[in-house]
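Subject: Structure handover

Hello,

Here is the structure I promised to pass on.

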Amino acid sequence: MKDMISDHLIAEQPWYRPTGNELSLFEAAYAARMPVMLKGPTGCGKTRFVEHMAWKLGRPLVTVACNEDMTASDLVGRFLLDADGTHWQDGPLTLAARHGAICYLDEVVEARQDTTVVIHPLTDNRRVLPLEKKGELLKAHPDFFLVISYNPGYQSLMKDLKQSTKQRFGALDFDWPEEEIETEIIAHESGVDPETAKKLVEIGTRARNLKGHGLDEGISTRMLIHAGKLIAQGVEPVPACTMALVRPITDDPDMRDALDAAVATYF
Ligand SMILES: Nc1ncnc2c1ncn2[C@@H]1O[C@H](COP(=O)(O)OP(=O)(O)OP(=O)(O)O)[C@@H](O)[C@H]1O
């Protein structure tokens with residue numbers, strides 16, 4: 001089991017460009033063992049930030065992509081039957097709590113509320129995880145730390161975290177970086193020159209202004225990086241932007257025209 005957790009250690013520094021004081025706030029929260037919620041739209045750097053922090057703090061990182069079919073057993077663990085009989089297998093949350101990893105529950109709002117409540121005893125000063133089926137009360141390793149991500153845009157009355165869950169966390173807001181910083185990120189991650197990266201960011205800014213006027217979500221940093229990677233592969237900028245930025249985000253013909261026009265302004 002020790003070996004399984006060492007698989008989660010991050011050997012090389014994941015490049016992360018800070019956009020504010022998030023590094024020091026996260027470190028302080030970690031030192032205080034105050035669970036952290038990263039709030040922000042899809043593709044704005046939350047996962048990269050957690051990876052960077054796990055590397056910086058020297059902790060293994062166990063990531064779980066949450067979904068509505070996920071059960072408490074998927075997080076905590078279950079008995080498995082094999083040729084030698086039954087044996088217990090820790091779920092990702094238990095693995096992290098037992099060995100002192102950072103557990104990152106990505107898009108936690110996707111999980112049903114009856115699944116999410118299993119984190120409650122781990123996120124207050126008890127720091128325990130009851131493994132009811134196994135009859136074990138696991139005391140979390142002193143280095144165990146819980147991080148969740150949450151996209152406020154997706155929230156609805158049907159799908160939201162309970163107040164009793166929210167109030168266990170400190171929260172850091174993530175958003176699209178300032179243009180200068182996002183340009184640096186696009187250039188670094190995709191390999192395009194800074195001038196092209198700047199144009200992509202400007203297209204992104206225009207498209208983000210359409211959010212709420214026909215677009216559900218703005219073009220993410222991730223999508224701009226995709227466009228940059230196609231350009232770095234030798235694809236002409238217009239088809240690269242059409243493929244990476246316009247086509248994935250909307251099927252509405254008027255919206256596609258508006259985005260195509262934004263691309264044509266810069267390339
Ligand atoms: N501040 C940043 N420093 C370095 N890279 C960044 C930064 N912000 C965004 N990126 C880049 O954007 C990509 C997408 O970010 P990331 O995967 O962290 O998004 P996310 O917010 O976790 O999205 P999701 O909620 O969909 O998982 C990263 O792979 C990275 O290349």
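Below are the notes, from the whole chain down to one residue.

First, the ground rules. This is a predicted model, in which local features need pLDDT of at least 70, side-chain atom pairs count only at pLDDT 80 or more, and totals for chains, interfaces and linings use all residues. Residues are numbered from 1 along each chain as its sequence is written.

**The chain**

The protein chain has twelve helices and nine strands. Both are DSSP runs numbered from the N terminus: helices are H or I with at least four residues, strands are E with at least two. The C-alpha atoms fill a box of roughly 65 × 40 × 40 Å along the principal axes. Of the 267 residues, 37% are buried. Buried means that 20 or more other C-beta atoms lie within 10 Å of the residue's own, with C-beta atoms placed from the backbone; exposed means 12 or fewer, and partly exposed is in between. Take contacts between residues at least 6 apart in sequence: 70% of them join residues at least 24 apart. A contact needs C-beta atoms, placed from the backbone, within 7 Å.

**The ligand**

The ligand is surrounded by 20 residues, and the closest are T42, G45, K46, T47 and R48. Domain 1 (2–173) and domain 2 (179–266) each give the shell at least three residues. Those bounds come from an automatic or database domain assignment.

**Helix α3**

α3 has twelve residues, so at 1.5 Å a residue it should span 16 Å; its end C-alpha atoms are 16 Å apart, which agrees. The expected span is 1.5 Å times one less than the number of residues. Buried in α3 are K46, F49, V50, H52, M53 and A54. They pack against α2 (22–32), β1 (36–39), β2 (61–65), β5 (102–106) and β8 (145–150). G58 follows α3 and has a positive phi, near 70°.

**Residue I249**

I249 sits in helix α11 (residues 237–249). Is I249 buried or exposed? I249 counts as buried because it has 20 C-beta neighbours inside 10 Å. Beyond neighbours within four places in sequence, I249 is in contact with L215 and I219. N151 is 98 residues from I249 along the chain, and their C-alpha atoms are separated by 17 Å.

Best wishes

Key. Two residues are in contact if their C-beta atoms, placed from the backbone, lie within 7 Å. A residue is near a molecule or strand if its C-beta atom, placed from the backbone, lies within 6 Å of it.
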